[in-house]
Amino acid sequence: MLGKLQHIDANFFHMLNSINNFSNPGVYVSPPNKFEPIKKHPERNAPESLNGGVKRFDRVHKKTHEPKTHLLQESGSIQQGSVNNPDRKNASSSTRMNNKGSTMVKFTPGCGDGAVEKTRAKCSTKWLRYGGCIPAILEALETGIDLDVALMPWEASLSNKERTIILKEQSSWERALEIFEWFKGKGCYEVNVIHYNIMLRILGKARRWSLVERLWEEMGKRSITPINSTYGTLIDVYSKGGLKDEALCWLELMTERGMEPDEVTMGTVVQTFKKAGEFRKAEQFFKKWSSGKSSSDVGGVITPTIFTAFNGDSHGHVPLSSYTYNTLIDTFGKSGQLKEASETFARMLKYGIVPNTVTFNTMIHICGNQGQMEEVTSLMRKMEELRCSPDTRTYNILISLHAKHDDIEMAAKYFKRMKEDSLDPDLVSYRTLLYAFSIRQMVVEAEDIISEIDERGLEIDEFTQSALTRMYIEAGMLDKAWLWFERFHLKGNMSSECYSANIDAFGEHGHVLEAEKVFMSCQEGTIMHPSVLEFNVMIKAYGINKKYDKACWLLDSMEKHDVVPDKCSYNSLIQMLASADLPQLAVIYVRKMQEAGLVSDCIPYCAVISSFVKLGQLEMAEGVFAEMVGFNVPSDVIIYGVMINAFADIGSVKQALSYVDAMRDAGIAINAVIYNSLIKLYTKVGFLKEAEETYIELQSFEAGSDVYSSNCMIDLYSERSMVKQAEDIFENLKIKGHANEFSYAMMLCMYKKLGRFEEAIRIAQKMRELGVLTDLLSYNHVIGLYASDGRLKEAMVTFEEMVRSSVQPDDSTFKSLGVVLLKCGVPEQAIGNLELTRKTNPQVGLQEWVSTLTSVICVGNDEVDDDA
């Protein structure tokens, strides 16, 4: 997905400049007055406010009458009015300042301009844009520690604007707060709302929430009224600090005090919802904000509201910035609303807002992810028309999208074009294309990229490293795969995850020896010994390659290496042993897992029980089930289904129903699978009434009965010659399109048994028309039907179809064909000779049967024709 959209102009945002996130989360706070706290945090020693007392807005902390020490616990001990440095010596009061002894500043009396003589240092070029005395002031603050000394030449003449710039240019929140306190302490400077806005942003950026709170309280005490950008700043810093709920509370407070968010604040709130994945709320907030703006008469021209413009009711100019459009487009894109994103982009063009590279990147990314690659091409052409130059991110998106849509050639072309446009590929460019090459085993192309990465001195990440290992292995270049692994291993900084990925790559492709060598290499790297992750992957490798003894040995040896097997270790081994029909061994590790307290569900027990059932060892399965119940392991419908179905297969009604009762007692609802097993059981033992009741229960499910249970019921009815009931179910299956070969075959058998050959013949013809005559049993039923009804030619034709379909005939087939030959007058002795030949030499015997049938039946038909 696209990253954060860029801001377009710092001045436009009323000081809502982008900030970096700091690792110190600080103290969570929420806005004052009428709001309940959003989050309750453990009580901490509350630092004193800037003006004395302890007060936390929204937490009902009342102000006490403690002495006003004016100490800031988070920033060091700072005395209001001056730096806490009574002897005026260069003892640092800030954790940030460095004593740069190489730079000396000599002060002469004066009011500021030209008053500083530097001995060896020059003003930083980044400050020269300000002109006047600002560069000299900032240099003095950068090199000096004592504020009284550093600011003395300009103390009497600092303007509001100069003080604003001084605060904004501080890179350390501690130093900024120190200077801010110095301004207040002098008493001769106006400290206005703009200065507070700057400090709120600086402290919020540093996530010093308690200091932000105290500054807010101080503003109230000093009767400094917050303005729109004050709230915007607070919303912005809390949002970017990960405190979404608190940010929204500041928004609520803002609106309660009669202020409407400006476009910048609106964009910040939309971004907040977007980052939280609440795209619907983002859209709703934008629409609500838009509808709240009234039309204004500016110079006799009606400027439409954003709401009316977005709904097509106005043709005027909509005063939205490209940043806002970018935010909205990205929000729609991330919520999968391609149409809305495209419409927003179209409006942007309609109202003369020129899209920038960020806009196009967002649209290209959205369209590409929706598979609209033609639209991606169209957007690239539009970029060229507007002379909007693509950046590295544009090309990275294009490379990724074309690789994703399996157009690796175009992805490579965009990589080449990026360099032709004098843009250096970044790590994302290389990694994206390198991974795309690796999964396609494009070894030559991948190695060219690797050479380029090496030439530029860039680092290949661990994910790409393991992907390249797989590439070499899948390309059959085992030696190169090993050399590639060693290149990174010998550097000594591979992680457990990377070693595991390499073990997995070798193990999955049957190279157990190499997987073992990687596993042993862990002890030579920085991790010193394999972790549980490497052990688990190595166990998996042994399982894939059917080396079950080694897998067991490895798990048993883990504790010798000071590694404790985890849930994954046991589950992996148990599943592989159970799948390999080794439940006796698997159950040992289930018990070890139980002793280790790692069994939280019935999955490992279910694997072992299923394996015992598969081998027909139902007593062992029952024993393991009882063991599981004894440990109070929660069972589920699946494990009960295994037991019920096992006893249904052998027709044991009593045992099967005992598990049904136990299941009900456990409060587990019976599902369709269980009902199907019961119908199978009742069909096997011929319990019609119970089967009918179960079938009715099965119909209550949304999916209804399936073809298997319906076929069982047809079987039960046909055995009892209950034609009407069987026909009803069969017709219902045909209507649903669920009738299969066995449905037709069972109806055919029923009609044949009842001597209703016409209906049986129609079923046989329908089977051939639908192409559902494929199974040996079905062929035997049809051939037997034709033989019984004297349709000798149809029987022979069906047999020939059977042979052509590579369905191997059995004794039952040839028994029916023997009836055909007898009806054609072939002696029993001749038929016996055919059977003897077939059993002696099946291939020759089959050919003789086909030849005999063809000659006898064709000759018979010719004689009938001659007589006619």
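This report describes the fold, aromatic contacts, salt bridges and selected residues of a predicted model.

## Basis

The model is predicted, so local features need pLDDT of at least 70 and side-chain atom pairs count only at pLDDT 80 or more, while totals for chains, interfaces and linings use all residues. Residues are numbered from 1 along each chain as its sequence is written, and side-chain values use heavy atoms, with hydrogens and water left out.

## Overall architecture

The protein chain has 42 helices and four strands. Both kinds of element are DSSP runs numbered from the N terminus, with helices (H or I) of at least four residues and strands (E) of at least two. Of the 868 residues in the protein chain, 49% are buried. Buried means under 20% relative accessible area, exposed means over 50%, and partly exposed lies in between (1.4 Å probe, protein chains only).

The accessible surface of the protein chain is about 41,600 Å², and carbon and sulfur atoms hold 52% of it. Accessible areas come from the Shrake-Rupley method with a 1.4 Å probe; for residues, only the protein chains shown count as cover. Among contacts in the protein chain with a separation of 6 or more, 62% are between residues 24 or more positions apart. A contact means heavy atoms within 4.5 Å.

## Aromatic pairs and charges over rings

There are 26 aromatic pairs in the structure. Rings of Phe, Tyr and Trp (its six-membered ring) pair if their centres lie within 6.5 Å; planes under 30 degrees apart are stacked, over 60 edge-to-face, and the rest tilted. One of the pairs is Phe415 with Tyr430, which is edge-to-face because the ring planes stand at 65°, with the centres 5.7 Å apart. Phe415 belongs to helix H17 (residues 408–420) and Tyr430 to helix H18 (residues 427–439), so the pair ties together parts 15 residues apart in sequence. Phe415 and Tyr430 are both buried.

A single aromatic cluster is formed by Trp209, Trp216, Tyr231, Tyr238 and Trp250. Charges also sit over rings: Arg163 lies over the face of Phe183 at 6.0 Å from the ring centre, and the charged end of Lys517 is over the ring of Trp482, 4.3 Å from its centre. The criterion is NZ of Lys or CZ of Arg within 6 Å of the ring centre and within 35 degrees of the ring normal.

## Salt bridges

The structure contains 36 salt bridges, each a side-chain nitrogen of Lys or Arg within 4 Å of a carboxyl oxygen of Asp or Glu. Within helix H15, Glu385 and Lys382 are three residues apart, so about one helical turn separates them; their side chains form a salt bridge (3.6 Å, N to O). Glu385 is exposed at 57% relative accessible area, whereas Lys382 is partly exposed at 28%.

Arg431 and Asp461 are joined by a salt bridge (3.0 Å, N to O). Arg431 is in helix H18 and Asp461 in the loop between helix H19 (443–455) and helix H20 (462–474), so this pair ties together parts 30 residues apart in sequence. Another bridge joins Lys680 and Asp649 (2.6 Å, N to O). This pair links distant parts of the chain, 31 residues apart, with Lys680 in helix H32 (residues 672–685) and Asp649 in helix H30 (residues 637–649). Lys680 is buried at 16% relative accessibility, while Asp649 is partly exposed at 40%. A salt-bridge network links Glu181, Lys184, Glu218 and Arg222.

## Selected loop and helix residues

Arg207 is in the loop between helix H5 (193–205) and helix H6 (209–221) and is buried, with a relative accessible area of 14%. Asp562 is in the loop between helix H25 (548–557) and helix H26 (567–579) and is exposed at 70% relative accessibility.

Thr432 lies in helix H18 and is partly exposed at 21% relative accessibility. Not counting residues up to four places away in sequence, Thr432 touches Ile399 and Ser400.

## A nonpolar surface patch

Leu349, Val354 and Leu386 make up a nonpolar surface patch with about 230 Å² of accessible area together. Patches consist of residues with over 30% relative accessible area and no salt bridge, with like charges joined within 9 Å and nonpolar side chains (Val, Leu, Ile, Met, Phe, Trp, Tyr) within 5 Å. Leu386 lies in the loop between helix H15 (373–385) and helix H16 (392–404) and is partly exposed at 33% relative accessibility.
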